[in-house]
Amino acid sequence: MKTKLLTSLTISAVVLGAIGITTQAAESKGSTSADAEFITGLRPDPGKPEEGPKDPELVDPDPDPKDPSKPKPLPESNGVYVTHLPNFSFGSDNKTELRTAEYQALLEKRTKNKGTEIFYMPHSVQVADVSGNDLTTWNLSVTQDEAFKTVGETSKILTNSRIRIYGNTFTSSAYSSDELAGKLSGLALGSVDTFGSYSEIPVGKDSLTVLANKTPGFTLNSFSSAVFKEGYITDDYTAAKTPNAVKYEGVRLNVPANDKSQAKAYVANLTWTLTVEP
């Protein structure tokens, strides 16, 4: 009997240990505070146009043509900064023609790591929004000040020649391409010629919108870019893949035969205007 009793007591002790004994804990709470205040951000370095959301891959600022040791002056207003504008070069090997001709632009030179890494990619514009205002909208447009002309006292003018843009891809550091539909707007590409649909940069008083955010606050804390090529893929343009300035189909110079282009160098200036509200 004693053996059976001891066994029974031992089992009972194990069961009680496994179940445990619960008690109600007393609680006492206190409170503290935390605060943070933000102001409009500073101009960021440009980012390589690519889909988000991801931290942008930064590239070097464009050098000022007048002083390469300084960045190129770019438009800004109320915390919205243009971080890249393109220079269009159509090269020096364009043969004069008996009829209207179009000449492709060279890919644009871009650099990283203070110029130690060089690559070429399609022309693009880019805007960074660090306004800190969820009502912000903006518009970036371009006009060509005067017709292409030679430099000198007796300038030769290409009165009717125009820069045409045949491709456009939107990218964002915060949104995928599907999320940009109906949010960002830009080149209409409404005219058509033998090379496809295009928009033309006007000469004189008119301007052409190349990139705009019409949805208040949509671009806040992000880069937005328009790349002048259909189906642009950022990984296609690196120091390894595109180390040279070759011509591409996204931007062309249309030169009618009646402009009577001569074997000379022609230049033109473009003015880019950023409008920000509120």
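How much space lies in the second largest pocket? The volume is about 320 Å³, in a model that is predicted. The lining of this pocket consists of 16 residues, and those closest to the centre are Asp62, Pro63, Asn87, Glu108 and Lys109. By class, the lining of the second largest pocket divides into six charged, five polar and five nonpolar residues. Strand β6 (residues 108-112) gives the largest share of this lining, with four residues.

Most residues other than glycine have a negative phi, and most peptide bonds are trans. Asn113 has a relative accessible area of 48%, so it is partly exposed.

A positive phi also occurs at Leu189, where the angle is near 50 degrees. Leu189 lies in the loop between β14 (184-186) and β15 (191-193). With a relative accessibility of 17%, Leu189 counts as buried, because the limit for that class is under 20%.

The bond from Gly52 to Pro53 is cis, with omega near -5 degrees, and Pro53 lies in the loop between α1 (2-19) and β1 (63-64). Glu277 and Pro278 are likewise joined by a cis peptide bond, with omega about -5 degrees. Pro278 is found in the segment after β21.

Strand β21 (270-277) brings in the largest pocket: β19 (247-255), β20 (266-267) and β21 each supply at least two residues of its lining. The space in the largest pocket is about 950 Å³. It is lined by 35 residues, of which Phe88, Phe148, Tyr266, Val267 and Ala268 are closest to the centre. The lining of the largest pocket has 21 nonpolar, nine polar and five charged residues.

Four aromatic pairs are found in the whole structure. One of them joins Tyr166 and Tyr198, whose ring centres are 5.4 Å apart; the planes stand at 45 degrees, so the pair is tilted. Tyr166 is in the loop between β12 (162-165) and β13 (169-172), while Tyr198 is in strand β16 (residues 196-200), and the pair thus links parts of the chain 32 residues apart. Tyr166 and Tyr198 are both buried. Together with Phe195, they form one aromatic cluster. Over the ring of Phe195 sits the charged end of Arg252, 4.0 Å from the ring centre.

Another pair, Tyr175 and Phe218, is stacked, with 4.2 Å from centre to centre and 15 degrees between the planes. Tyr175 lies in the loop between β13 and α2 (177-180), and Phe218 in the loop between β17 (208-213) and β18 (222-227), so the contact ties together parts 43 residues apart in sequence. Tyr175 is partly exposed at 22% relative accessibility, whereas Phe218 is buried at 11%.

A further contact between a charge and a ring involves Lys48, which lies over the face of Phe119 at 5.0 Å from the ring centre.

Notes
Residues are numbered from 1 along each chain as its sequence is written. This is a predicted model: local features need pLDDT of at least 70, side-chain atom pairs count only at pLDDT 80 or more; totals for chains, interfaces and linings use all residues. Side-chain values use heavy atoms; hydrogens and water are left out. Rings of Phe, Tyr and Trp (its six-membered ring) pair if their centres lie within 6.5 Å; planes under 30 degrees apart count as stacked, over 60 as edge-to-face and the rest as tilted. Buried means under 20% relative accessible area, exposed over 50%, partly exposed in between (1.4 Å probe, protein chains only). A charge sits over a ring if NZ of Lys or CZ of Arg is within 6 Å of the ring centre and within 35 degrees of the ring normal. On a 1 Å grid over the protein atoms alone, a cavity is a set of points where a 1.4 Å probe fits but cannot get out, and a pocket is an open set with protein on both sides within 12 Å along at least five of seven lines; lining residues have an atom within 4 Å of a point. Grid points are joined across faces, edges and corners, and a volume is the space filled by probe spheres set on the points. Ala, Val, Leu, Ile, Met, Phe, Trp, Tyr, Cys and Pro count as nonpolar, Asp, Glu, Lys and Arg as charged, and the others, Gly among them, as polar.
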